[in-house]
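I opened the model to work through its fold, its core and its charged pairs. My notes follow in the order I looked things up.

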Amino acid sequence: MVFGLKYDHIVDDLLANYYADISHMDITVTLKVSNDPSNLNARVKSTFFKKDRYNITGYIPRNILQNENLDTVVRGLLAHEFSHISLGHSNFMRTVKDYLLISLEYLGFSWLVGKGRLESLEKAADDNVIKRGLGREKA
């Protein structure tokens with residue numbers, strides 16, 4: 001529980017009903033309050049030494065904590081990150097490779113690595129959320 005928000009039921013529901021393919025993995029979720037009103041985001045980290053172990057850290061802007069649809073916002077945020085795990089975007093070696101390619105792209109070497117690497121990963125995760133029957137809620 002973070003800042004009075006109980007999100008364990010959201011994690012349990014998503015893993016049991018939408019992400020059974022990753023429900024056996026060791027996934028730790030931490031939600032933090034952000035003072036930046038535009039800082040609704042999360043990151044998945046994996047480790048090289050522990051296969052199938054992931055840490056998701058999410059940031060919820062303080063200004064939406066009282067939003068009546070906060071559970072929907074958290075559900076969408078976590079579903080997106082679970083899709084990254086399911087699609088293999090968060091595998092340690094793939095993450096290193098992707099960050100290297102994205103860094104080269106932003107340094108002006110897009111001709112070498114192709115354009116839009118980060119955008120394509122994010123779109124694939126979004127599409128996966130919708131494919132699983134999520135994402136129809138309005139926040």
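Predicted model: local features only at pLDDT ≥ 70, side-chain atom pairs only at ≥ 80, totals over all residues.

Three of them form an open sheet, in the order β1-β3-β2, and the pairing is mixed. I then asked which strands stand at the edges. They are β1 (26-34) and β2 (41-46). Each has a single partner strand, so one side of each is left without a neighbour in the sheet. From one strand to the next, I read an average twist of 15 degrees.

**Pairing of β1 and β3.** Next I took the two pairings in turn. β1 and β3 (residues 53-61) run parallel, and nine bridges join them. I looked up two positions along this pairing. Thr28 stands opposite Asn55 in β3. Ile27 stands opposite Tyr54 in β3.

**Pairing of β2 and β3.** Parallel or antiparallel here? β2 and β3 run antiparallel, with six bridges between them. I checked Arg43 and found that its bridge partner in β3 is Thr57.

**Whole chain.** I stepped back to count elements. The chain has four helices and three strands. From the N terminus, the order is α-β-β-β-α-α-α. The chain has 139 residues, and 37% of them are buried.

**Core.** What makes up the largest nonpolar core? I found 28 residues in it, and Tyr19, Ile27, Ile56, Phe82 and Ile85 touch the most other members. At least two residues come from each of α1 (8-17), β1, β2, β3 and α2. The largest share, eight residues, comes from α2. I noted the general background too: in soluble globular proteins, nonpolar side chains tend to be buried together.

**Ile56.** Which residues does Ile56 contact, leaving aside its neighbours within four places in sequence? I listed Ile27, Thr28, Val29, Thr30, Ala42, Arg43, Val44, Leu78, Glu81, Phe82 and Ile85. Among them, Ile27, Phe82 and Ile85 had already come up with Ile56 as core residues that touch the most other members.

**Helix α1.** I turned to burial along this helix. Ile10, Val11, Leu14 and Leu15 are buried in α1. Seen down the helix axis, the buried residues of α1 fall within an arc of 120 degrees, so they line one face. The general rule I had in mind is that an α-helix has 3.6 residues a turn, so residues three or four places apart point the same way. On the face turned away from the buried side, α1 carries the exposed residues Ala16 and Asn17. What covers the buried residues of α1? The cover includes β1 and α2.

**Salt bridges.** I counted four in the structure.

Arg75 forms a salt bridge with Asp13, and their closest N and O atoms are 2.7 Å apart. This pair links distant parts of the chain: Arg75 is in helix α2, Asp13 is in helix α1, and they are 62 residues apart. Is Arg75 buried or exposed? At 18% relative accessibility, Arg75 counts as buried. The cut-off for buried is under 20%. Asp13, at 23% relative accessibility, counts as partly exposed.

Asp26 and Arg53 were next. Their side chains meet in a salt bridge at 3.5 Å, N to O. This pair also links distant parts of the chain, with Asp26 in strand β1 and Arg53 in strand β3, 27 residues apart. Asp26 is partly exposed, with a relative accessible area of 38%. Arg53 is partly exposed as well, at 35%.

Asp127 counts as partly exposed, at 38% relative accessibility.

Conventions:
Residues numbered from 1 in each chain as written. Heavy atoms only, no water. Pairing = 2+ DSSP bridges. Axes fitted to C-alpha atoms, helices over the stretch in contact; angles between N-to-C directions. Core = buried A, V, L, I, M, F, W, Y, C linked by side-chain atoms within 4.5 Å. Buried < 20%, exposed > 50% of the residue type's maximum accessible area, 1.4 Å probe, protein only. Contact = heavy atoms within 4.5 Å. Arc of directions from axis to C-beta.
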